Amino acid sequence: MFFNSIILGAAALAVTGVESSPINKIQLFKHVAVFSVDGFHATDVKKYVAARPKSTIAQLLETGYEYTNAYTSEPSDSFPGTLAQFTGASPRTTGIFYDDTYDRTFYLPSSNCSGPPGAEVQYTEVVDYNDTLLFSGGIDPANLPQKIVNGVCTDIFPHARLRVNTVFEIARAAGMVTAYTDKHPAYDVVRGPSGTGLTLGYFPEINAIPSMVNTTIQYDSLHVSAFLDWINGTDPANSEGTLGGRIPNLFGGNFQSINVAEKQDGYENGTNNPFTPGLLATFDFIDLSFARIVSALQAKNIYNETLIVVASKHGNAPINPAKYAKINPTLVTNATGVDVLQQTSDDVAIIWLANHNDTEKAVANLQKQASALKIKNIIYGQRLIDRGFGNPLTDPAVPDIFVEPIEGIIYTTSKTKITEHGGFHQDDRHIACFVSNPGLKKRKISRLTSTRQVGPTILKALGLNVTALQGAHIENTTVLHGF
């Protein structure tokens with residue numbers, strides 16, 4: 001078995017310093033497949049395996065490491081959650097706090113960088129040519145925020161917003177083949193600052209379908225078909241790039257259907273909050289998808305040479321439906337009593353102020369409304385820096401204030417969602433994380449784990465230089481325990 005033949009030698013590796021070469025001496029696996037089941041909580045793993053003991057997920061865990069105390073990024077939005085895994089870094093290092101933020105050095109799309117700097121920076125479906133179509137040609141430069149770069153007003157693609165490199169860039173620099181799929185063309189961000197990280201990208205627009213569980217399962221099936229195509233070295237229609245008949249060394253993507261099922265069906269009331277029938281059925285779809293992926297890898301005789309990584313970008317809060325309530329986010333903005341440039345909210349409110357000097361006043365006003373707004377915590381000033389978010393006085397991307405509501409509160413006007421993510425709660429951040437390969441022995445690892453550790457682990461598994469991952473090096477992010 002490929003894995004067994006080299007694991008003892010790999011265990012002796014010790015990497016220090018930053019090296020220019022992307023290559024390590026020993027390659028543990030020829031392929032790494034990375035999947036995010038958005039909304040998949042750590043507690044869901046135990047529930048699903050109990051309900052489906054013969055499932056593919058249960059089988060993967062029999063030859064894998066389950067990280068039972070793994071946490072995704074703060075904030076727990078999909079963009080920083082994705083980048084945590086592929087850069088090894090947090091928002092203070094990547095410069096990206098959410099998919100919808102503000103930057104004091106940017107300009108609005110198609111503005112020709114006129115007027116004073118400072119603009120919303122949104123990398124969602126709004127950057128598409130036409131977000132009502134699954135495939136409309138990708139990102140329309142006319143919809144991109146702008147910035148003056150070397151004296152020239154420049155459209156800033158998502159990948160150019162990123163301040164540090166990605167595992168995809170490092171793999172490509174080593175001559176490897178990479179592929180990735182996600183819910184918007186804006187996930188171009190994983191290409192990294194060079195823009196070269198993906199051999200092939202596949203980005204059907206999820207906003208083009210109705211936001212219902214059954215239609216999202218159909219949407220996820222496009223991603224599954226792409227995974228199967230890649231394992232066979234073929235390109236799905238509407239791909240950006242081509243594999244040229246090669247099987248990717250590094251590939252992955254996400255599933256959205258659990259996220260939607262939790263928001264619409266959720267969990268039962270009662271002890272341990274069992275799955276509702278609709279949510280369980282959606283997990284069954286995910287499990288069947290993993291079964292198809294495993295079968296395809298086996299058919300190509302590369303299953304033993306592939307490390308499968310399942311790590312969710314985010315959970316959703318609350319799991320317990322009895323805790324749910326919503327508050328109009330406009331009330332949070334108004335409560336500051338000062339000029340707010342932007343507020344981005346889900347089960348957190350992130351605030352950029354027009355004047356940093358108004359921070360103390362805004363916080364005092366919010367505290368007066370803490371009961372009405374169900375505020376648990378307000379993070380600002382030195383606490384913001386101490387929590388590792390950076391300094392808004394020196395970094396134009398860093399927010400001034402984070403408002404953390406009590407668990408279960410969502411700042412939204414939605415009439416359908418009963419759970420959300422983005423915040424700092426346990427249900428937002430304590431996510432499913434496990435790796436699997438036939439050469440691994442079953443382990444449950446309870447030590448505190450960050451999804452930032454996925455990136456260095458990918459590189460080590462592929463025999464690439466772990467210290468070449470800039471964000472991980474800056475933040476001293478290590479590989480997952482066991483590697």
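Is Cys153 buried, partly exposed or exposed? I looked this up and found Cys153 partly exposed, at a relative accessible area of 26%; buried means under 20%, exposed over 50% and partly exposed in between, with a 1.4 Å probe and protein chains only.

I note that this is a predicted model, in which local features need pLDDT of at least 70 and side-chain atom pairs count only at pLDDT 80 or more, while totals for chains, interfaces and linings use all residues. Residues are numbered from 1 along each chain as its sequence is written, and side-chain values use heavy atoms, with hydrogens and water left out.

**Entry: disulfide.** I counted a disulfide as a pair of cysteine sulfur atoms within 2.5 Å, and the count comes to one. Cys113 and Cys153 form it, with their sulfur atoms 2.1 Å apart. Cys113 lies in the loop between β5 (106-107) and β6 (119-122) and Cys153 in strand β8 (residues 152-155), so the pair ties together parts 40 residues apart in sequence. The torsion about their S-S bond is about 80 degrees, so the disulfide is right-handed. I found Cys113 buried, at 11% relative accessible area. I also looked up Cys433, which is buried at 2%.

**Entry: sheet.** I took helices (H or I, at least four residues) and strands (E, at least two) as DSSP runs, numbered from the N terminus; two strands pair if DSSP finds at least two bridges between them. Nine strands form an open sheet with mixed pairing, in the order β11-β10-β9-β12-β1-β13-β20-β2-β21. β11 (240-241) and β21 (443-445) stand at the edges with a single partner strand each, so one side of each has no neighbour in the sheet. I then examined β9 (residues 178-181) and β10 (residues 200-202), which run parallel and are joined by three bridges. Thr181 stands opposite Tyr202 in β10.

**Entry: helix α10.** I compared the end C-alpha atoms of α10 (residues 277-299), 33 Å apart, with the span of 33 Å that its 23 residues should give, and the two agree; the expected span is 1.5 Å times one less than the number of residues. Asn301, which follows α10, has a positive phi near 60 degrees.

**Entry: largest pocket.** I used a 1 Å grid over the protein atoms alone, where a pocket is an open set of points at which a 1.4 Å probe fits, with protein on both sides within 12 Å along at least five of seven lines; lining residues have an atom within 4 Å of a point. The largest pocket is lined by 33 residues, and Lys183, Asn259, Lys263, Lys417 and Glu420 lie nearest its centre. α9 gives the most to this lining, with four residues.
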